[in-house]
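Hi there,

Here is the structure I promised to send over. Please have a look at it first; my notes on what turned up follow below.

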Amino acid sequence: MPSPVKFRLLTDEMIHRDVVRMLIASGCDVLKCPKGLKNGDVYQLAKREERFLITQDKDFSDPRRYPPSDTSGIVCVRVFPPTIANLLSGIKTFIHEKKPDDIKGRLIILK
């Protein structure tokens with residue numbers, strides 16, 4: 001029997017496809033944001049779908065513009081250098097250490 005989905009998340013267009021594949025392989029329910037969607041629409045989609053947003057767009061780290069308290073949570077990935085290997089490592093560690101309740105309504109900057 002498959003394990004239950006740990007996270008329901010929305011990835012924006014800045015998240016590399018290899019990261020999306022890793023998230024799916026890790027048991028996450030992933031919705032990839034359509035290309036060209038404006039940030040406000042990405043934020044609303046995450047709220048409507050009750051998914052936490054995972055992004056590399058620093059605009060989402062401004063809680064006045066995009067209040068995390070209204071969402072399932074926002075994770076801004078700011079690893080440096082932003083290589084695919086570093087992104088995969090940082091995000092994989094994060095999803096294995098956290099639970100959805102750790103993120104709900106919060107802004108998390110993943111460095």
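A word on terms: two strands count as paired if DSSP finds at least two bridges between them. Helices (H or I, at least four residues) and strands (E, at least two) are DSSP runs, numbered from the N terminus. This is a predicted model, where local features need pLDDT of at least 70 and side-chain atom pairs count only at pLDDT 80 or more, while totals for chains, interfaces and linings use all residues. Residues are numbered from 1 along each chain as its sequence is written, and side-chain values use heavy atoms, with hydrogens and water left out.

Five strands make up an open sheet with parallel pairing, in the order 2-1-3-4-5. Strand 2 (29-32) and strand 5 (107-110) are at the edges with a single partner strand each, so one side of each has no neighbour in the sheet. On average, neighbouring strands are turned by 20° against each other, direction ignored (axes are lines fitted to C-alpha atoms, for helices over the stretch in contact, and angles run from 0 to 180 degrees between N-to-C directions).

Three parallel bridges link strand 3 to strand 1 (residues 8-11), and Thr11 stands opposite Ile54. Three bridges also join strand 3 to strand 4 (residues 74-77), again parallel; there, Ile54 has Val75 as its bridge partner. Both faces of strand 3 are covered: Phe52 and Ile54 on one side, Leu53 and Thr55 on the other, are all buried (buried means under 20% relative accessible area, exposed over 50%, partly exposed in between, with a 1.4 Å probe and protein chains only).

Further along, strand 4 and strand 5 run parallel and are joined by four bridges, with Val77 opposite Leu110 in strand 5.

**The helices**

Helix 1 (residues 17-25) packs on the sheet, touching strand 1 and strand 2, and its direction makes about 155° with that of strand 2. Contact here means heavy atoms within 4.5 Å.

Helix 2 (residues 39-49) lies across strand 1, strand 2, strand 3 and strand 4, at about 165° to strand 1. Which residues of helix 2 are buried? They are Asn39, Val42, Tyr43, Leu45 and Ala46. These residues cover an arc of only 160° around the axis, which puts them on the same side of helix 2 (the arc is that of the directions from the helix axis to the C-beta atoms). They pack against strand 1, strand 3 and strand 4.

Best wishes
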